[in-house]
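Visitor: Please show me the model, and then let us go through it step by step.

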Amino acid sequence: MAQRVNAGYRGIAAQDPLVHYIDTATPFLNTDGSVMDDLSIDDNLHFNELGNLIWGAVIRAGLMPLEARYEFTASHPTVQELSPALEAELDAETDTPLFPE
């Protein structure tokens, strides 16, 4: 069941550029496909320190390339975004408009 759900999420992500799928299951599997048994605390539900390190690394590796694209654009506005503010600032300093009509 979980494999079908994940396949559905992968399919959605493949069709929608705003949805990103990160495979967080495979890094916790042994080569034979069984779940590693040394990554959880005694309840076999919550990760131990090693499990959390692996999970965090997988999430970080999946998100950082995506975040980097937006980080750059967010911290470096486009010329079109700067133009009105720059124009107003320069107009205030001089009597000559930056972009005459």
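Guide: The protein chain has 3 helices and 0 strands, where helices (H or I, at least four residues) and strands (E, at least two) are DSSP runs numbered from the N terminus. This is a predicted model, in which local features need pLDDT of at least 70 and side-chain atom pairs count only at pLDDT 80 or more, while totals for chains, interfaces and linings use all residues. Residues are numbered from 1 along each chain as its sequence is written, and side-chain values use heavy atoms, with hydrogens and water left out.

Visitor: In what order do the elements of the protein chain run from the N terminus on?

Guide: The protein chain comes to 3 helices and 0 strands. Read from the N terminus on, its elements therefore give the order α-α-α.

Visitor: What percentage of the residues in the protein chain is buried?

Guide: Buried means under 20% relative accessible area, exposed over 50%, and partly exposed in between, with a 1.4 Å probe and protein chains only. Of the 101 residues in the protein chain, the buried share is 9%.

Visitor: Which term describes the aromatic pair of Phe-28 and Phe-47: stacked, edge-to-face or tilted?

Guide: The structure holds 1 aromatic pair, and rings of Phe, Tyr and Trp (its six-membered ring) pair if their centres lie within 6.5 Å, with planes under 30 degrees apart counted as stacked, over 60 as edge-to-face and the rest as tilted. Because the ring centres of Phe-28 and Phe-47 are 4.8 Å apart and their planes lie at 20°, the pair is stacked.

Visitor: How many residues apart in sequence are the parts that this pair ties together?

Guide: Phe-28 and Phe-47 both lie in the loop between helix H1 (2–15) and helix H2 (49–75), so the pair ties together parts whose separation in sequence is 19 residues.
Phe-28 is buried, with a relative accessible area of 8%, whereas for Phe-47, which is partly exposed, the value is 33%.

Visitor: Is Asn-48 buried or exposed, and with which residues is Asn-48 in contact, leaving aside its neighbours within four places in sequence?

Guide: Asn-48 belongs to the loop between H1 and H2, and its relative accessible area of 19% makes Asn-48 buried. Contact means heavy atoms within 4.5 Å; leaving aside neighbours within four places in sequence, the partners of Asn-48 are Asp-38, Leu-39, Ser-40 and Ile-41.

Visitor: What is the accessible surface of the protein chain?

Guide: Accessible areas come from the Shrake-Rupley method with a 1.4 Å probe, and for residues only the protein chains shown count as cover. Carbon and sulfur atoms hold 61% of the accessible surface of the protein chain, which comes to about 8,400 Å².
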